[in-house]
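Biologist: Could you give me a close look at one part of this model? I'd like to start from the record and then get into the details.

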Amino acid sequence: MHNSKDYIAIGLEGSANKLGAGIVRHNRDGSVDVLSNPRHTYITPPGSGFLPADTARHHKHWLSRIIQKALHDAELTINDIDVIAFTKGPGMGAPLTAVAMVARTLSLLYNKPLIGVNHCIGHIEMGRLITGAQNPIVLYVSGGNTQVIAYSQQRYRIFGETLDIAVGNCLDRFARVIGLPNDPSPGYNIEQAAKSGSQLLKLPYTTKGMDISLSGLLTATSSYTKKPEFGTEFTKEDLCFTLQEVAFAMLVETTERAMAHVGSKEVLIVGGVGCNKRLQEMMSTMAAERGGKVFATDMRFCIDNGLMIAQAGLLQYRMGQTTELKDTVCKQRFRTDQVHVSWRND
């Protein structure tokens, strides 16, 4: 175990359209300092998504500058870094590979150890660090993942998840259907439009035990835009409002079941959709009725960022874990419960 001095890690994240480099320092007294966390987002025109090859080109173009900014903001040089962490997966293959290639290059040039980090674990450990949540039920909601998670015996166990598309993907795709812009993000613009909606329309509500299904919800919501009443009897704001209410209700229900199962009073919401104030409000109402509390972060930490990869990577490194060069291949399907959480023993 590496605990005898201060340790500094840089984390590189690029599993989707957010590119980030973050630096964190673990001090020998047990405290943690956030040193820098710059990010750059690949934004496409309204009505379009981001393709893997185009996203990878964006990352290759910007990554050197993002790393330099992270070091500049932290007032460090690459020689001050003890370990280089990068996102191993899950995510889009081409962007993941582009960032991993840079991590390998820096490791070889400067003789620094490498740590491949599970993207989902990065979100969880970032959330625990920023909020101080001790042992919560974790709701992980993003563009590519939707999972209800609880820690047990050095694993983050998945209690329930989406059976098809993630909630972030559902929101993003509907934003494209109604022509909302991708700047700063489709989900954010859905949230803002929903604030002007007032009519709750009929949509399918699909929970299956601890799992949920969202593809039918997306299809049903999209079909409303083709009805003659669209724009007169109900608006796109009503559709955004309804979509959020139904999707988030399913998430609240499955999270509450997990809380009851393990006897937890805490909920930690992580991932890009975790910034949504309506989701936080609905979850807080449920938790308060159970005598519990909800923890969430703001856009600096819940949206994909390099700092979360640095934090999780340094936790692994201090337990003696490193990733050999031959094992730095990326895994598009890298499940949360495949990671040995060696740094926790509670």
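Biologist: Where does UniProt place the feature "domain: Gcp-like", and what can you tell me about that stretch?

Modeller: The unreviewed UniProt entry puts it at residues 39-310; positions follow the numbering used here, the feature name is shortened, and such annotations may be inferred rather than shown by experiment. Bear in mind that this is a predicted model, where local features need pLDDT of at least 70 and side-chain atom pairs 80 or more, while totals for chains, interfaces and linings use all residues. Numbering starts from 1 along each chain as its sequence is written, and side-chain values use heavy atoms, leaving out hydrogens and water.

Over residues 39-310 the chain is 49% helix and 17% strand, with the end C-alpha atoms 14 Å apart. Helices (H or I, at least four residues) and strands (E, at least two) are DSSP runs, numbered from the N terminus.

Take helix H3 (residues 119-131): Glu 125 and Arg 128 both sit there, three residues apart, about one turn of the helix. They form a salt bridge, with the closest N and O atoms 2.8 Å apart. The term means a side-chain nitrogen of Lys or Arg within 4 Å of a carboxyl oxygen of Asp or Glu. In general, side chains of opposite charge can pair when their charged atoms come close. Glu 125 counts as buried, at 2% relative accessibility; buried is under 20%, exposed over 50%, partly exposed in between (1.4 Å probe, protein chains only). By the salt-bridge rule, the count comes to 15.
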